Amino acid sequence: MATQTQRAVLAGGCFWGMQDLIRRLPGVTATRVGYTGGDVPNATYRNHGTHAEAIEILFDPEKTDFRTLLEFFFQIHDPSTKNRQGNDIGLSYRSAIYYVDDEQKRIAEDTIADVDASGLWPGKVVTEVEPVGPFWEAEPEHQDYLERYPDGYTCHFPRPGWRLPARTEG
């Protein structure tokens, strides 16, 4: 029997760098970049209103899970900067988790509490946690961008040794 894939939608700054790193994770079966969380139907790069640049991830739950994806997400971008990643500034570059069900919402809130308790970032997490809405796929030139232009712009980097501890109840 074939395994059903699960879906995650995350925003953490410019979608090029997010896609390039997340696609390589074990268990990730597909990714695409686009726009979500905003007010413009049929969003495009030139007209995406209040949408965030985001990545849609399909993953095999027998090989990875939502918590593992979120831990990597919090490692590769700074969730304590509001509407900003690196040189990218504005609402499009906000940190957000768009959950597909109540279980993802619970895991997102729990993971954020662990990040806040860890002290791994200079401030508290400002990542939005919202229900997933329409996802408008970005134009072909934005898909797989850093595979085609390996020296292209990114503000996402794995941080060696960064491991998120689970908080202890005290």
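Cys14 sits in the loop that joins strand E1 (6–12) to helix H1 (15–22), where helices (H or I, at least four residues) and strands (E, at least two) are DSSP runs numbered from the N terminus. The model is predicted, so that local features need pLDDT of at least 70 and side-chain atom pairs count only at pLDDT 80 or more, while totals for chains, interfaces and linings use all residues. Residues are numbered from 1 along each chain as its sequence is written, and side-chain values use heavy atoms, with hydrogens and water left out.

**Exercise 1.** Determine whether Cys14 is buried or exposed, and list its contacts beyond its neighbours within four places in sequence.

*Solution.* Begin with the record: the unreviewed UniProt entry lists Cys14 for "active site", and such annotations may be inferred rather than shown by experiment. Next, take the relative accessibility, which is 6%, so Cys14 counts as buried (buried means under 20% relative accessible area, exposed over 50%, partly exposed in between, with a 1.4 Å probe and protein chains only). Finally, with neighbours within four places in sequence set aside, Cys14 is in contact with Glu53, Asp88, Tyr93 and His156, contact meaning heavy atoms within 4.5 Å.

**Exercise 2.** Work out how far H2 is enclosed, and name the elements against which its buried residues pack.

*Solution.* Count first: 9 of the 11 residues of H2 are buried, and H2 is therefore largely enclosed by the rest of the structure. Among these buried residues are Phe66, Leu70, Phe73 and Ile76. Their packing partners are then E1, H1, strand E2 (28–36), strand E3 (52–59), strand E6 (95–99) and H3.

**Exercise 3.** Describe how H2 packs with H3, and then how H1 packs with H2.

*Solution.* Helix H2 (residues 66–76) and helix H3 (residues 102–118) pack at an angle of about 40°, their axes being 10 Å apart; axes are lines fitted to C-alpha atoms, for helices over the stretch in contact, and angles run from 0 to 180 degrees between N-to-C directions. H2 and H3 are therefore oblique to each other, since angles under 35 degrees count as roughly parallel, over 145 as roughly antiparallel, 65 to 115 as roughly perpendicular and the rest as oblique. On the H2 side the contact is made by Phe66, Arg67, Leu70 and Phe74, and on the H3 side by residues including Ile107 and Val115.

For H1 and H2 the angle is about 135°, with axes 11 Å apart, which makes H1 oblique to H2. Here Met18, Leu21 and Ile22 in H1 meet Phe72, Phe73 and Ile76 in H2.
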